[in-house]
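User: Hi! Could you walk me through how to read side-chain features in a model like this one?

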Amino acid sequence: MVAMEAFLKGDVFLDYPFEDAKFRFEKETGKVFRRFYGQPEKEIDPSSALYNEAISAGQTISREDYLRG
């Protein structure tokens with residue numbers, strides 16, 4: 001589970017391999033973006049069930065890892 005402190009500190013990048021998805025939380029705007037592996041990112045609603053599953057069961061990754069693959 002990703003701690004709330006991570007979201008308070010700055011941008012957060014998540015990997016959720018169970019669904020081949022990565023997420024990016026942009027602290028400055030509060031926007032959330034999703035990209036399935038090998039696909040471009042798309043802005044999504046922060047209430048997305050898949051995003052919330054990633055917060056609970058995914059892992060934080062670096063910006064570089066988010067942009068890779």
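Analyst: Happy to. Let's begin with burial: a residue is buried under 20% relative accessible area, exposed over 50%, and partly exposed in between, using a 1.4 Å probe and protein chains only. By that rule Arg24 is buried, because its relative accessible area is 14%. Please keep in mind that this is a predicted model, where local features need pLDDT of at least 70, side-chain atom pairs count only at pLDDT 80 or more, and totals for chains, interfaces and linings use all residues. Residues are numbered from 1 along each chain as its sequence is written, and side-chain values use heavy atoms, leaving out hydrogens and water.

User: How is the pair of Phe7 and Phe25 arranged?

Analyst: A pair of aromatic rings is described by the distance of the centres and the angle of the planes. Rings of Phe, Tyr and Trp (its six-membered ring) pair if their centres lie within 6.5 Å; planes under 30 degrees apart are stacked, over 60 edge-to-face, and the rest tilted. The structure has four such pairs. Phe7 and Phe25 are edge-to-face, with 5.3 Å between centres and 70 degrees between planes. This pair links distant parts of the chain, helix H1 (residues 4-9) and strand S2 (residues 21-26). Phe7 counts as buried, at 11% relative accessibility.

User: Which residues touch the most other members of the largest nonpolar core?

Analyst: In soluble globular proteins, nonpolar side chains tend to be buried together. A nonpolar core is a set of buried Ala, Val, Leu, Ile, Met, Phe, Trp, Tyr and Cys residues joined through side-chain atoms within 4.5 Å. Phe7, Leu14, Phe23 and Tyr51 touch the most other members of the largest core, which has 14 residues. Helix H2 gives the most to this core, with four residues.

Technical notes: Helix = DSSP H or I, 4+ residues; strand = E, 2+ residues; numbered from the N terminus.
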